[in-house]
Amino acid sequence: MNPTQFAQHGKRLPSWIYKTLAQGWIDEKFPRHLFIETTSLCNLKCSYCPREQRNSELPFSLFRQIIDEATSYGPRSFSLHLFGEPLLYSKWYEAICYIKSRERRHTVLFTTNGTHLNASVDKLLEANPDKVIWSWRPEAKFTEETKRKLKQWGKFQVRILKQVTPKRAWEEWKDWRPIEVKDLHSYGGNIDLSKFGAPNANDGQRHACYHLFLAPAVAWNGDILLCCNEPHHKEVIGKFPEMSIAEAWRSQALETKRKEHLAGEYKGVCSGCDSWKVYPDLFFKWQYKS
């Protein structure tokens with residue numbers, strides 16, 4: 001199960017049941033989910049994305065080491081993206097296949113801008129990741145054959161971003177299933193949401209972010225990050241492979257960050273972030289220190 005699925009379950013359950021299950025799911029030895037930036041390259045320049053213009057990728061040898069380490073802790077889930085376009089990774093097909101070959105219960109998902117799906121659809125279906133999310137972009141123009149194959153496959157989810165998707169796109173994709181409609185988010189406070197008419201980053205009762213307890217990230221250069229919303233690597237926990245993922249997960253730096261969140265203190269890259277909104281609170285009120 002990946003964090004998105006877990007959160008969906010949480011929204012259907014009574015709060016106390018979800019929180020009890022969630023805390024039982026937290027693994028102190030190794031994260032349940034890993035975001036892995038296989039490539040930093042992207043062929044688009046979206047106005048609501050704070051990515052830096054790079055053209056580098058994670059060596060496949062290091063990718064295998066990450067998956068091997070994760071596999072030693074049992075079934076895990078992986079997102080093969082951060083700020084690059086995953087279908088531009090030279091080994092994207094091999095990456096999916098390697099994960100599945102190491103542990104059949106691993107799950108794989110990634111978010112794509114869709115511009116390479118026409119050319120990649122057959123290999124994508126052959127590799128058979130557990131979910132592919134397409135965030136609508138006008139540059140991605142699918143053939144009817146591509147649409148037919150993705151529809152039949154059933155693991156292709158369309159994501160509509162409210163503030164930047166035109167009405168014509170809503171109309172074109174309204175009957176697609178599964179479909180997700182969501183607000184833009186601030187990517188760790190790096191995007192001014194007011195420019196797009198999106199809700200303020202922290203207009204609500206803030207709670208501890210699930211990333212710190214379930215899902216960190218590894219960037220293309222081996223930087224181990226708090227989460228997938230860190231485009232400028234301001235708070236690096238460690239460097240893979242010099243530091244293992246497990247060592248980073250149990251590090252004092254990350255433990256301090258967790259304690260800050262449970263004390264109602266959101267410092268550094270967390271200060272202007274709204275990623276906490278995406279998933280239900282994992283903790284009971286009595287577990288917070290303030």
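Good morning. Helices (H or I, at least four residues) and strands (E, at least two) are DSSP runs, numbered from the N terminus. His-233 has a positive phi of about 55°, although it is not a glycine. At 15% relative accessibility, His-233 counts as buried; buried means under 20% relative accessible area, exposed over 50%, and partly exposed in between, with a 1.4 Å probe and protein chains only.

Some notes on the source. This is a predicted model, in which local features need pLDDT of at least 70 and side-chain atom pairs count only at pLDDT 80 or more, while totals for chains, interfaces and linings use all residues. Residues are numbered from 1 along each chain as its sequence is written, and side-chain values use heavy atoms, with hydrogens and water left out.

Let us turn to the chain as a whole. The chain contains 10 helices and nine strands. With 290 residues, a compact globule would have a radius of gyration near 19 Å, and the 18 Å of the chain agrees with this. That radius is taken over C-alpha atoms, and the globule rule is 2.2 Å times the number of residues to the power 0.38. Along the principal axes, the C-alpha atoms fill a box of roughly 55 × 45 × 40 Å. Of the 290 residues in the chain, 55% are buried. Among contacts with a separation of 6 or more, 70% are between residues 24 or more positions apart; contact means heavy atoms within 4.5 Å.

Next, the sheet. In what order do the nine strands lie? They form an open sheet in the order S6-S5-S4-S3-S2-S1-S7-S8-S9, and the pairing is mixed. The edge strands are strand S6 (179-182) and S9, each of which pairs on one side only. Two strands pair if DSSP finds at least two bridges between them.

I shall now walk through part of this sheet. Strand S1 (residues 33-36) and strand S2 (residues 77-79) pair in the parallel sense over three bridges, with Leu-34 opposite Phe-78 in S2. S2 in turn pairs with S3, again in the parallel sense, over three bridges, and here Phe-78 stands opposite Val-108 in S3. Strand S3 (residues 107-112) is joined to S4 by four bridges, and these two strands run parallel. In this pair, Leu-109 stands opposite Lys-131 in S4.

How many residues of S3 are buried? Six of its six residues are, and S3 is mostly covered. Thr-107, Leu-109 and Thr-111 point one way from S3, while Val-108, Phe-110 and Thr-112 point the other way. For strand S4 (residues 131-135), five of the five residues are buried, so it is largely enclosed by the rest of the structure. Lys-131, Ile-133 and Ser-135 point one way from S4, and Val-132 and Trp-134 the other way.

From the sheet I move to a helix. In helix H10 (residues 252-262), the buried residues are Leu-254, Lys-257, Arg-258, Glu-260, His-261 and Leu-262. An α-helix has 3.6 residues a turn, so residues three or four places apart point the same way. The cover over the buried residues of H10 includes helix H8 (211-214), strand S9 (236-239) and helix H9 (245-249). H10 is followed by Gly-264, whose phi is positive, near 75°.

Consider Arg-258, which is found in helix H10. Is Arg-258 buried or exposed? Arg-258 is buried, with a relative accessible area of 9%. Leaving aside its neighbours within four places in sequence, Arg-258 is in contact with Leu-212, Phe-213 and Trp-249. Arg-258 and Phe-213 are 45 residues apart in sequence and 7.6 Å apart in space, C-alpha to C-alpha.

Finally, the backbone. Most residues other than glycine have a negative phi, and most peptide bonds are trans. Which peptide bonds are cis? One of them runs from Arg-177 to Pro-178, with omega near 0°; Pro-178 is placed in the loop between helix H7 (167-173) and S6. Another runs from Phe-240 to Pro-241, with omega near 10°, and Pro-241 is found in the loop between S9 and H9. Tyr-187, in the loop between S6 and H8, has a positive phi near 50° and is a residue other than glycine. Thank you for your attention.
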